[in-house]
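Please examine the sequence and structure shown here, and read the report that follows alongside them.

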Amino acid sequence: MAKPKTPEHLQRCEDAAAKLLQGKKKISHADVLRTFRLIKAADWPTQTRPNVAPTANPEVTGLVLGLSPNRQGGCSIAQGSQQCPCLTQVVTKWIKDTLPDAAFRYGSIQVNYNYRARKHIDSNNLGPSYIVALGSFEGGQLWTGDRGVLDCREKWCLFDGNTEHATEPYSGKDRFSFILFTPDRYNKLTKSICDEAKRLGVTACSTAGVDDKYFSQYRDLAAVDEDDHVAFTEKHHENNPPSFGSGALSVETNGYAAGRGWGWIAWQTGKSGGDKVHTEHFRKNATGIHVVELDVVPPSSSKQVLTFAVREVHRFNLYQDTEAETKRFAKWVDKLPKNTVVGCCITDTAMAKTRPLNSTVYESFRKLGASDSLTLIGYREPFCFLGWKGAGKGKGVYALDAKKQSKQLLRLDAVVSMDTKGELAMTWKSSQVKLLEQLPPAKKRRTEE
């Protein structure tokens with residue numbers, strides 16, 4: 001593989017890196033910052049990253065070093081490393097000299113320059129990631145959905161790239177962030193690519209095609225057999241029936257990655273006999289969100305309980321026709337009468353992989369009581385919700401497993417009450433089942449010749 005010519009605007013940076021490599025001293029934060037500052041602001045490479053771009057313009061300033069996924073199902077050497085191999089080696093040596101966890105391994109380094117990444121979940125990332133930010137700035141911490149705010153200024157911080165994260169506001173002259181991660185296909189390299197990656201200094205590169213012990217703990221490679229899933233969820237439903245009693249509501253869901261989906265919503269009715277609690281089951285592999293709207297029926301005497309009467313059952317296919325269905329969902333929420341109770345779940349995925357739900361969807365959920373923390377329902381992530389029209393923010397409740405190809409079965413059980421002024425309140429509890437721990441390994445299916 002012939003080395004591409006280093007672009008003129010990166011040559012000073014590459015030359016400085018080559019001189020650093022000739023010395024024997026450890027490479028410091030100051031060395032790396034000084035080297036990258038040789039790239040003029042107007043000359044910084046750009047990347048198309050609509051999932052992190054802070055504006056409608058999908059272009060951001062940054063580059064990848066090390067491995068980069070290719071269209072053949074493996075990885076290539078990133079263009080930045082092909083053009084600037086000495087710079088890559090300076091960065092990997094600096095990582096070796098400064099990273100607090102010597103056992104941590106990575107295949108790629110994402111370098112970001114002077115932009116604030118919006119809330120997102122990484123793609124092509126096994127999960128475990130380290131970040132450090134250098135430069136002359138104030139603020140700019142890393143917000144994470146599971147660990148809160150991490151102060152990564154001049155300090156390496158470990159986080160999970162497969163949970164929500166974003167850059168906090170910052171001000172100042174410049175901010176460079178360096179993120180270490182491993183692409184999903186790090187172990188499907190050709191020998192020449194693997195050899196070059198090792199020469200450059202990255203530590204996660206293999207031709208084996210399978211995960212080693214270190215990465216097997218992070219990747220969810222196991223499949224869920226559909227027949228086993230059906231048998232388990234039906235038995236689980238029988239053994240763990242929906243809640244019953246005054247104001248009882250329940251919802252359960254899992255996404256497509258487990259048995260092609262599962263979901264139901266149940267509520268206490270005013271009927272007698274076997275349908276005192278009605279369960280609405282939804283078809284698996286049905287994209288978008290399933291919704292029931294319920295009228296609250298207060299007890300008419302001390303011997304009765306609060307029940308619900310179903311108004312309608314809907315499916316908003318935000319996956320198939322995102323723009324039109326988003327408008328229809330928002331219009332539906334706006335027209336709901338006050339105190340209409342709403343249950344929601346998925347049985348596949350709420351969104352398309354390349355068409356994230358926009359803010360209108362989340363604003364509509366907040367009109368039903370969702371908290372401000374509901375900002376991202378990802379691809380094939382199990383999601384369910386209970387709330388009511390006119391509820392204050394945070395009065396409703398949602399469950400979400402923000403992991404790629406999640407195989408969690410999520411459950412919410414709630415009790416709705418009404419005071420003498422007709423105001424609703426809700427108490428709830430959540431639970432989950434790790435399906436991979438409950439089901440046998442998926443059977444390998446034979447294919448016909």
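## The β17-β18 end of a sheet

In this predicted model, strand β17 (residues 383-388) pairs with β18 in the antiparallel sense over 4 bridges, where pairing requires that DSSP finds at least two bridges between two strands. Within this pair, Phe385 has Tyr398 in β18 as its bridge partner. Strands here are DSSP runs of E with at least two residues, and helices are runs of H or I with at least four residues, both numbered from the N terminus.

These two strands belong to an open sheet of 5 strands, ordered β15-β14-β16-β17-β18, with antiparallel pairing. The edges are taken by β15 and β18 (397-400), each of which has a single partner strand, so one side of each is left without a neighbour in the sheet. Neighbouring strands of this sheet are turned by 10° against each other on average, with direction ignored; axes are lines fitted to C-alpha atoms, for helices over the stretch in contact, and angles between N-to-C directions run from 0 to 180 degrees.

## Strand β14 and its two partners

Strand β14 (residues 289-297) is mostly covered, with 7 of its 9 residues buried, a term that means under 20% relative accessible area, as against over 50% for exposed and values in between for partly exposed (1.4 Å probe, protein chains only). The strand pairs in the antiparallel sense with β15 over 9 bridges, and with strand β16 (residues 341-345), also in the antiparallel sense, over 5 bridges.

Leu294 illustrates both pairings: its bridge partner in β15 is Val310, while in β16 it stands opposite Val341. Helix α8 (residues 322-335) lies across β14, β15 and β16, and runs at about 160° to β15.

Thr307 is placed in strand β15 (residues 307-316), and because its relative accessibility is 8%, it counts as buried. Leaving aside residues up to four places away in sequence, Thr307 touches Gln268, Thr269, Gly270, Asp295, Val296 and Val297, a contact being defined by heavy atoms within 4.5 Å.

## Packing of α1 and α2

Two packed helices are described by the angle between their axes and the distance between the axes. Helix α1 (residues 8-22) and helix α2 (residues 29-36) pack at an angle of about 155°, with their axes 9 Å apart. The two helices α1 and α2 are therefore roughly antiparallel to each other, a class that covers angles over 145 degrees, whereas those under 35 count as roughly parallel, 65 to 115 as roughly perpendicular and the rest as oblique.

In this contact, Cys13, Ala16, Ala17 and Leu20 of α1 meet Asp31, Thr35 and Phe36 of α2. The residues of the contact divide into 5 nonpolar, 1 polar and 1 charged; Ala, Val, Leu, Ile, Met, Phe, Trp, Tyr, Cys and Pro count as nonpolar, Asp, Glu, Lys and Arg as charged, and the others, Gly among them, as polar.

## Whole chain and confidence

The protein comprises 10 helices and 20 strands, and 51% of its 449 residues count as buried. Among contacts between residues at least 6 apart in sequence, 68% join residues at least 24 apart.

The average pLDDT, the predictor's confidence in each residue from 0 to 100, is 90, and 94% of the residues score at least 70. Over residues 444-449 pLDDT stays under 50, and the model has 2 contacts beyond four places in sequence for them. Where pLDDT is low, the predicted coordinates should not be read in detail.

Residues are numbered from 1 along each chain as its sequence is written, and side-chain values use heavy atoms, with hydrogens and water left out. Because this is a predicted model, local features need pLDDT of at least 70 and side-chain atom pairs count only at pLDDT 80 or more, while totals for chains, interfaces and linings use all residues.
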